[in-house]
Amino acid sequence: MDTNNDINKNQQRLGQLKNLVMLAAADGHLTDSELAVVLAVASRENITPEEFDQVVDNPDSVTIALPEDEDTKLAYLRDMVALMMIDGELEEQEMAICKIYAMALGYRGSIVDGMIAGIVESLDSEGQVD
């Protein structure tokens, strides 16, 4: 068992949750719809209720580790875009946070807008966002 890899994976999972909570709270309030998306991701990532509470109550306690594999990067970016779209509006502050996150994941700034637009289109066509 690779303990360092396990620690890194855990930091990735909790870091993604932290990023989603911060994005959801960017406009000053967390709606029930936003909370539902965050909880769905927490469930998918096997985050325990204790870990969830830790992230929400003390986000600074979470050290973020960015994923290295492309599938996880795209899944995490898709989570963020889905959360931004949940209220039917792509707010400027949310978009700025998402772009910074995408670049932190290693995507070039010149392609981030197109990537986000593609994810928005994909989510719309799948009917995953109202």
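This is a predicted model: local features need pLDDT of at least 70, side-chain atom pairs count only at pLDDT 80 or more; totals for chains, interfaces and linings use all residues.
**Entry 1: salt bridges**

I started with pairs of opposite charge. Side chains of opposite charge can pair when their charged atoms come close. My count came to five salt bridges.

I looked up Asp79 and Arg44. Their side chains meet in a salt bridge, 2.7 Å from N to O. Asp79 sits in helix H4, and Arg44 in helix H2, which covers residues 32–44. The two are 35 residues apart, and the pair links distant parts of the chain. Is Asp79 buried or exposed? Asp79 has a relative accessible area of 9%. I call Asp79 buried because the cut-off for buried is under 20%.

**Entry 2: from H4 to H6**

Next I checked Arg78. Arg78 forms a salt bridge with Glu126, and the closest N and O atoms are 2.4 Å apart. Arg78 belongs to helix H4, while Glu126 belongs to helix H6, residues 109–126. Arg78 has a relative accessible area of 25%, so I list Arg78 as partly exposed. Glu126 is partly exposed too, with a relative accessible area of 42%.

**Entry 3: from H5 to H6**

Lys99 was my next stop. Lys99 forms a salt bridge with Asp113, with the closest N and O atoms 2.9 Å apart. Lys99 lies in helix H5, residues 92–104, and Asp113 lies in helix H6, so the pair ties together parts that are 14 residues apart in sequence. I noted Lys99 as partly exposed, at 26% relative accessibility. Asp113 is partly exposed as well, with a relative accessible area of 44%.

**Entry 4: the nonpolar core**

I turned to the inside. The largest nonpolar core has 34 residues. Which of them touch the most other members? I found Leu17, Leu77, Val81 and Ile116. Helix H1, residues 3–24, supplies at least two residues of this core, and so does each of H2, H3, H4, H5 and H6. H4 gives the largest share, with eight residues.

**Entry 5: Met80**

I stayed on helix H4, where Met80 has its place. Met80 has a relative accessible area of 1%, so I put Met80 down as buried. I also checked the C-alpha atoms of Met80 and Glu34. They are separated by 11 Å, and the two residues are 46 apart along the chain.

**Entry 6: negative charge on the surface**

Where does negative charge gather on the surface? I found a patch made of Glu68, Asp69, Glu70 and Asp71. I took a closer look at Asp69. Asp69 is in the loop between helix H3 (49–57) and helix H4 (70–85). Its relative accessible area is 31%, so Asp69 counts as partly exposed.

**Entry 7: Asn46**

Last, I looked at the backbone of Asn46. What is the phi of Asn46? The angle is near 55°, a positive value in a residue other than glycine. Asn46 is found in the loop between H2 and H3. Asn46 has a relative accessible area of 61%. I log Asn46 as exposed, because the cut-off for exposed is over 50%.

Conventions. Residues are numbered from 1 along each chain as its sequence is written. Side-chain values use heavy atoms; hydrogens and water are left out. Patches are made of residues with over 30% relative accessible area and no salt bridge: like charges are joined within 9 Å, nonpolar side chains (Val, Leu, Ile, Met, Phe, Trp, Tyr) within 5 Å. Accessible areas come from the Shrake-Rupley method with a 1.4 Å probe; for residues, only the protein chains shown count as cover. A salt bridge is a side-chain nitrogen of Lys or Arg within 4 Å of a carboxyl oxygen of Asp or Glu. Lys and Arg count as positive and Asp and Glu as negative; His and the chain ends are not counted. The place of a charge is taken as NZ of Lys, CZ of Arg, CG of Asp or CD of Glu. Helices (H or I, at least four residues) and strands (E, at least two) are DSSP runs, numbered from the N terminus. Buried means under 20% relative accessible area, exposed over 50%, partly exposed in between (1.4 Å probe, protein chains only). A nonpolar core is a set of buried Ala, Val, Leu, Ile, Met, Phe, Trp, Tyr and Cys residues joined through side-chain atoms within 4.5 Å.
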